[in-house]
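Open the model in your viewer and keep the sequence panel beside it. The stops below say what to select and what is there.

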Amino acid sequence: MSSKKQKSESDVLLMQQRIDEGILLAQRRLLNRGLHDGLSFIVCQGGVVAEVPACEIAKF
């Protein structure tokens with residue numbers, strides 16, 4: 001039997017929550033930089049690729 005600690009379901013859920021929060025923070029920082037520098041983003045939605053100015057992105 002392995003001596004590694006078994007991950008309980010609550011540990012996994014907490015880890016996933018932290019990962020999700022980190023991704024959301026990174027997206028917010030990227031959007032803020034785009035707003036500050038007047039940039040646009042290339043996005044793919046529904047199989048369509050489009051360039052969207054940062055000022056038109058309302059929410060992540």
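## Starting in the hairpin

Select I42 first: its bridge partner in β2 is E51. This is a predicted model, in which local features need pLDDT of at least 70, side-chain atom pairs count only at pLDDT 80 or more, and totals for chains, interfaces and linings use all residues. Residues are numbered from 1 along each chain as its sequence is written, and side-chain values use heavy atoms, with hydrogens and water left out.

Stay on E51, which lies in strand β2. Strands here are DSSP runs of E with at least two residues, helices are runs of H or I with at least four, and both are numbered from the N terminus. Show the surroundings of E51: beyond its neighbours within four places in sequence, E51 is in contact (heavy atoms within 4.5 Å) with S40, F41 and I42. Draw a distance from E51 to F41, ten residues apart along the chain, and their C-alpha atoms are separated by 5.6 Å. Is E51 buried or exposed? E51 has 56% relative accessibility, so it counts as exposed. The classes are buried for under 20% relative accessible area, exposed for over 50%, and partly exposed in between, with a 1.4 Å probe and protein chains only.

Now select both strands, residues 40–45 for β1 and 48–53 for β2; they pair in the antiparallel sense over six bridges. Pairing requires that DSSP finds at least two bridges between two strands. Another of the bridges joins C44 to V49 in β2. The two strands form a hairpin with two residues between them, and G46 in the turn has a positive phi of about 60°.

## The helix

Select residues 9–37, helix α1. Its 29 residues reach 42 Å from first C-alpha to last, close to the 42 Å expected at 1.5 Å a residue; the expected span is 1.5 Å times one less than the number of residues.

## The nonpolar core

Select L31, F41, V52, A54 and I57, which make up the largest nonpolar core. Such a core is a set of buried Ala, Val, Leu, Ile, Met, Phe, Trp, Tyr and Cys residues joined through side-chain atoms within 4.5 Å. Within this group, pick V52: not counting residues up to four places away in sequence, V52 touches S40, F41, V43 and I57.

## The cysteines

Select C55, in the segment after β2. C55 has a relative accessible area of 66% and is exposed. The C-alpha atoms of C55 and H36, 19 residues apart along the chain, are separated by 9.6 Å. Go back to C44, which counts as exposed at 53% relative accessibility. How many disulfides are there? With a disulfide taken as a pair of cysteine sulfur atoms within 2.5 Å, the count comes to zero.

## Zooming out

Show the whole chain, whose elements run α-β-β from the N terminus on. The radius of gyration, taken over C-alpha atoms, is 18 Å, well over the 10 Å that the globule rule (2.2 Å times the number of residues to the power 0.38) gives for 60 residues, so the chain is more spread out than a compact globule. Along its principal axes the C-alpha trace spans about 55 × 30 × 15 Å. Colour by accessibility to finish: buried residues make up 10% of the 60 residues.
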